Structures are given as C-alpha cells and as structure tokens.
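Hi everyone, thanks for coming.

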Amino acid sequence: MLLYLLITCVPFLIFLKSLPLKPLPSWATEMRLLSPFFWKEISFLTISELTKYIFSSGFLFQIPSKMSMKRKTVTCKVENVEEVPEMSVLDLPELALECILERLPPDALCSMAGVCTSLRERCMSDHLWEKHMKHKWGRIIGPVAYTAWQGHLATRTEFGNPKQAKQKGLLRILSLGWPFSWIKSKADDNFKQKSSLPIHSVMAWYLALETGRFSFPAQVYNREQNGHVGFMLSCYDAKISYDPRTDTFQARYPPHGSRAPAIENGVPWERLRAPPVDTPHHDLHISDCLNELRPGDHVEIQWRRNKEFPYGWWYGVVGHLEPCDGNENYCRCHESDTVVLEFNQYTPGSRWRHTTINRKDHGEEGNEADGFYGGIRKLSNEEEISMWRRLWPSEVLE
C-alpha cells in the first residue's frame, strides 16, 4: 500500500512543481469554503484517474529525460559565458588617474602610496603635495621657515650616513602620529626596503610638520596671551611645533638675558603668521618706507623692553603733528622730518600712547624707561590690517 502511494504521489508532485505559478483566480477563495467531505471525494477520484494516465502514457519516465535536457542546456549556456578581466586603477588613462590623485586628501594619498610601486611614485610627487602644503601651512610657513628646513636637511646629511638620511619605511613614518595613526605600523619587510621617502621631497616636509617633528620659525600675535596684557597688539618671533592631538601649537620664545626661554602651549592657528621680513629678532630692521609715511597709514614698528630682550612688532598708525588739526586740505605733516606714531590701544595720556621718529636718520631710539623703538614697515596688505583689527582689545589699556 505504501509503495502504491509513493508511485502515485511523487509524479503528481513533480508535475505540479513544473507548472508555472500564477496568482489564484477570484473563485479560488470561494472553493476553500466547500465541505471537507467534498475535497476528500474529489481528491480520491483525481488520484485514481491520474494514476491510470501516468502508467498508460509513460509520463513517469518522460520527466527525468526532460529534466536532464534542461540541465544540459543550462550547463551549455554557463560554459559559453566569457570571463570579463578585472580592471585596475592603473588601467585608467593617464589624465584621469592624475585628476583622481589631485583630489585626494593627504591621508588618502598615503594609503594609495602603499598599494604598489607605481602608485607610490605618483603619490609622492611634489606637485601633489605642494597643493596640500599651501592649503594647510601656507599662511604660517614662509621663506624663513623654508630656509630653516633646508638647514635641517643639510645638518642631517652632513652628520649622518647619506644612506640612512632617507626616512626608510614610509608606513613606519606615517604611523608616528595623528592623523596617520590608521596606517599599520607593521608592514612587509620587502615593502619597507622599497618604500623610502626622499627627505628633500615636499611630502617629507609636510609629514615632518604634521607630526610635530620639525619646529619652524614663525610669529605669534599677543605673546603669552594668558594674562600678559602688556603684549596686546604685538607679534613676537618664536620656534613653533605642531601638536596633532590638539590641533594647536607650542611656542618657544627666544631667551633674553639670564632668563630661560618662555614656553606657551595651546596656541591656535589664528594667532600665528609667517615672518613678513627675514630680519632676526635681535637685529634692527632697515626701514625703506620712511619717506612714504603719511597720517592714517598703518604701520608695524620694532620695540623691545631692553637691549637683552628680542624685538617684537607692534601695531600703530601714523598721526598728525601737534599744530595740525587733521584737515586734509591744509595738512603738511608728510613734509616734515618728524613722524608721529600713535598706539590707540592705550589710554590718552599714557606714556605708551605715542612716540616720534625722524625720517632721515632713524635708527634705534629710546631708553631703559620707555624701551627702544626700531625699524618700521608700512602695512599695505588689507589682510594684515584686518588681522590687527580683529585682535583689538575689548578695553583700553592703561
């Protein structure tokens, strides 16, 4: 009996499975409401008739042959599919690849440099890193800092093994600090030997700045701003090193006398600038604008507290002589050899409020009580003037 059920039901199930599946018609839902006894009778009749049909027509033996035909057809189609070769980024046209690399940020360029030799050479190209150098560091890196970097390289080459002067292991270098901490510190030894980074490349300079390993000369507005009101609206030279964890800088000011160098931490980007002149901080700047100065001009003048103290640059404006009322039609202050400099951040009557210099024989002027005034530079750049205005104190200084 069991064998009879298997012979009758299995072909029937295979036959139903081969039929295309379509949504049930609307009457199908009504058929489900019929009596279970009706379905019992109709199912018995249907199975009997179907069994007779199967054995009379040989349907049971035709199904496997058709299925095998279908399987062969599918296999044949799969074998005829052509394999499409995988495409590499190096297969892109030269111009397209160059455009992609130019749009990558520094961390992505470092990742690409670790893929293969060809991409490493491209990603270390100077023209790619010059754009990043200018974008991030251009405002505070100037000719003075570049000269210091060249001296740093010369020292390393002179006192070290030239073969060891190259920073071997690009991945190891980039893993020294944020934002390159995502780079694996351990790489294949063969790759490390091939991934040397030329120390004279722009990329090497960028990474030295980014990791804080290279301190460079710059100037800091409002020196030691944490409580030293006497430095308001001034700008002093310092050795700057970047702290990638806080995105701020440490400023080491040059010593004066027997005092130790002053150190200021947490200096933000907006308080830094590249030195506008290459005059050392203890030397007098040679002024070349004295004959051009007129009332209303914005200037910076060197000033130091005593002979041992380094010069800083202080912001001021050219004022009018005492007899002049400031009327432009009658003003002749620009024809006088005496030039009045005003520092309006101080209250009227303060000894720091104004000073006078001579156009023709100006040098260092002053005394131990009021300090010493040095060279002058005229401000013609609106950006420099706007920076001083942004730093203007909220209260007038005594």
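**A strand and a helix pair**

Let's start with a facing pair: Trp-303 stands opposite Tyr-373 in β11. Before going on, this is a predicted model, with local features needing pLDDT of at least 70 and side-chain atom pairs counting only at pLDDT 80 or more, while totals for chains, interfaces and linings use all residues. Residues are numbered from 1 along each chain as its sequence is written, and side-chain values use heavy atoms, leaving out hydrogens and water.

Helices (H or I, at least four residues) and strands (E, at least two) are DSSP runs numbered from the N terminus, and two strands pair if DSSP finds at least two bridges between them. Strand β6, residues 298-304, pairs with β11 in the antiparallel sense over 5 bridges. Strand β10, residues 365-367, is also antiparallel to β11, joined by 3 bridges, and a hairpin of 3 residues links β10 to β11. Asn-367 has Gly-371 in β11 as its bridge partner.

Why is β11 largely enclosed by the rest of the structure? Because 7 of the 8 residues in this strand, 371-378, are buried (under 20% relative accessible area with a 1.4 Å probe, protein chains only).

Now the helices. Pro-106, Leu-109 and Cys-110 in α6 meet Leu-128, Trp-129 and His-132 in α8, contact being heavy atoms within 4.5 Å. The residues of this α6 contact with α8 divide into 5 nonpolar, 1 polar and no charged, where Ala, Val, Leu, Ile, Met, Phe, Trp, Tyr, Cys and Pro count as nonpolar, Asp, Glu, Lys and Arg as charged, and the others, Gly among them, as polar.

Note on methods. Buried < 20%, exposed > 50% of the residue type's maximum accessible area, 1.4 Å probe, protein only.
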